Protein chains: 2
Amino acid sequence: MKHAPLIAQNHTRCADCPIRHKAVCAYCEPPELAKLDAMKSYRTYQAGETIVWAGEEIEVLGSVVSGVATLSRTLPDGRRQMVGLLLPSDFVGRPGRRTAPYDVVAANEVMICQFIKPQFEKLVSNTPALERRLLDMTLDELDAAREWMLLLGRKTAREKIASLLVIIARREAALNGTTIGDGLRFVLPLTREAMSDYLGLTIETVSRQISALKKSGVIVLEDARHIRVPDYVALLDEAGDDSDGGFIS
Amino acid sequence: MKHAPLIAQNHTRCADCPIRHKAVCAYCEPPELAKLDAMKSYRTYQAGETIVWAGEEIEVLGSVVSGVATLSRTLPDGRRQMVGLLLPSDFVGRPGRRTAPYDVVAANEVMICQFIKPQFEKLVSNTPALERRLLDMTLDELDAAREWMLLLGRKTAREKIASLLVIIARREAALNGTTIGDGLRFVLPLTREAMSDYLGLTIETVSRQISALKKSGVIVLEDARHIRVPDYVALLDEAGDDSDGGFIS
DNA sequence: TTCTGACCTTGATCGAGATCAATCAAACGG
DNA sequence: CCGTTTGATTGATCTCGATCAAGGTCAGAA
């Protein structure tokens with residue numbers, strides 16, 4: 001199945017996909033790649049559609065090709081906390097695990113390049129480099145989750161918003177290979193509600209703090225979803241720390 | 001070096017250590033075990049001593065044998081968030097990573113069974129089962145971290161305290177093989193300050209909420225560190241969710 | 001024995017963010 | 001074209017947990 005132009009940067013593998021699979025491409029050797037190609041298929045999910053239900057059997061295993069998916073946990077009374085965000089090239093599902101510990105929901109229309117689970121798992125256990133790659137990715141996610149714990153436990157609402165903006169800007173820049181600097185423009189891929197679920201705030205607080213950052217000139221709101229950052233360092237400063245802002249994927 | 005009696009439950013390997021190494025024992029085969037034994041050494045750290053500094057080279061790689069260590073991140077202005085707790089049998093350090101993303105600090109006197117880093121890493125890359133084991137452990141930690149994100153972002157102070165008590169009770173029970181039920185007694189291995197760092201609260205709020213739980217009869221405080229739980233289900237109920245309460249290790 | 005310092009508890013007050021409520025703007029289907 | 005829906009903003013008020021402040025308890029040192 002052909003569907004989109006190739007944007008791969010460091011290699012020309014997985015030519016069908018417009019993204020580099022974080023999980024596999026970097027380590028694919030030609031024989032493995034052929035096997036991966038043979039088990040690939042594509043599926044799209046509508047905005048709001050649940051891709052994987054918490055507690056249920058995991059069936060999806062693959063990479064996000066386009067769109068944004070979220071990972072979230074919910075308390076019995078409905079309080080919800082997002083625990084991860086999946087952007088293009090991020091891996092969905094966990095080889096070797098039977099059930100998912102949280103919901104995976106499409107934030108907008110999401111296309112996933114999916115592998116056949118038993119085949120992929122067999123490939124993983126026969127390919128030490130691939131297993132190693134999965135370990136590295138998981139360690140990255142763990143670091144990002146812990147970074148986010150600092151945000152949830154100790155940052156103010158304003159710092160939380162600024163941190164999220166920095167993180168989204170970084171990820172968008174990484175995706176399309178642009179650099180970050182003054183005058184930076186980007187699109188928020190999340191609604192105010194999704195942002196509030198991510199930051200442990202309410203919609204109203206998110207809206208108010210975005211307005212406040214706008215009022216102080218740290219950001220320019222072209223419309224609710226389009227943000228411009230006249231002075232990138234000022235935004236970083238609002239985020240409260242100088243870390244590289246790990247991102248939950 | 002001999003130092004403590006063997007308490008291993010499912011196997012009799014790593015006989016020197018009074019704990020089962022979560023990271024390696026479950027997968028050690030005799031030839032690997034011999035190599036591990038050859039690279040083992042023990043080291044103790046005083047309460048409050050920093051075992052690994054955030055950002056610095058990781059030198060320690062091993063398992064906690066006794067005591068409690070904490071993982072924490074700090075904002076430039078001093079706000080601190082604990083992001084993990086290491087109890088006996090938990091693994092310290094990350095093979096394949098050069099620097100630590102957070103401080104590892106001894107909460108009380110901690111003994112660590114330490115491996116020589118390059119040797120251990122070499123063993124890992126030659127032993128797929130060991131690598132697999134590390135991936136599984138990391139996935140567990142990731143799940144626990146995300147569970148904790150739900151707590152930090154969405155639970156009330158009272159729910160946070162109850163959740164922490166449940167988690168500590170579970171881990172203590174798992175360690176010494178006892179079962180959990182009504183009349184359960186356990187020791188808090190953390191000061192109020194460490195609890196507040198873990199829960200994203202202040203010391204005063206921790207103290208007040210513990211008093212409140214005591215006043216409502218959910219727990220009995222024998223002294224500041226010794227807790228008895230007359231009705232375990234009531235405590236679970238206070239924690240706000242029925243999940244298995246992942247724990248950051 | 002008293003002194004000292006670490007740790008914990010409790011009270012009074014404050015304030016950031018939640019909650020409740022109204023309004024607005026853009027998209028969409030009739 | 002207008003009515004409805006969905007998402008965002010803004011205002012008024014309330015509340016939970018932070019902050020400021022005072023004591024209490026206990027182990028170890030003098």
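How far is a phosphate oxygen of DNA strand C from an N or O atom in the side chain of S211(B)? The separation is 2.7 Å.

## Basis of the model

This is a predicted model, in which local features need pLDDT of at least 70 and side-chain atom pairs count only at pLDDT 80 or more, while totals for chains, interfaces and linings use all residues. Residues are numbered from 1 along each chain as its sequence is written, chains are lettered from A and ligands numbered from 1 in the order in which they are written, and side-chain values use heavy atoms, without hydrogens and water.

## The surface near DNA strand C

DNA strand C is surrounded by 17 residues, each with a heavy atom within 4 Å of the strand. Among the closest are R192(B) and S211(B).

## An aromatic cluster in chain A

F91(A), F115(A) and F120(A) form one aromatic cluster. The ring centres of F115(A) and F120(A) are 5.1 Å apart and their planes meet at 5 degrees, so this pair is stacked; rings of Phe, Tyr and Trp (its six-membered ring) pair if their centres lie within 6.5 Å, and planes under 30 degrees apart count as stacked, over 60 as edge-to-face and the rest as tilted.

F115(A) is buried at 4% relative accessibility, and F120(A) is buried at 0%. Buried means under 20% relative accessible area, exposed over 50%, and partly exposed in between (1.4 Å probe, protein chains only).

Conventions
Polar contact = N/O pair within 3.5 Å; in protein donor to acceptor, adjacent residues only side chain to side chain.
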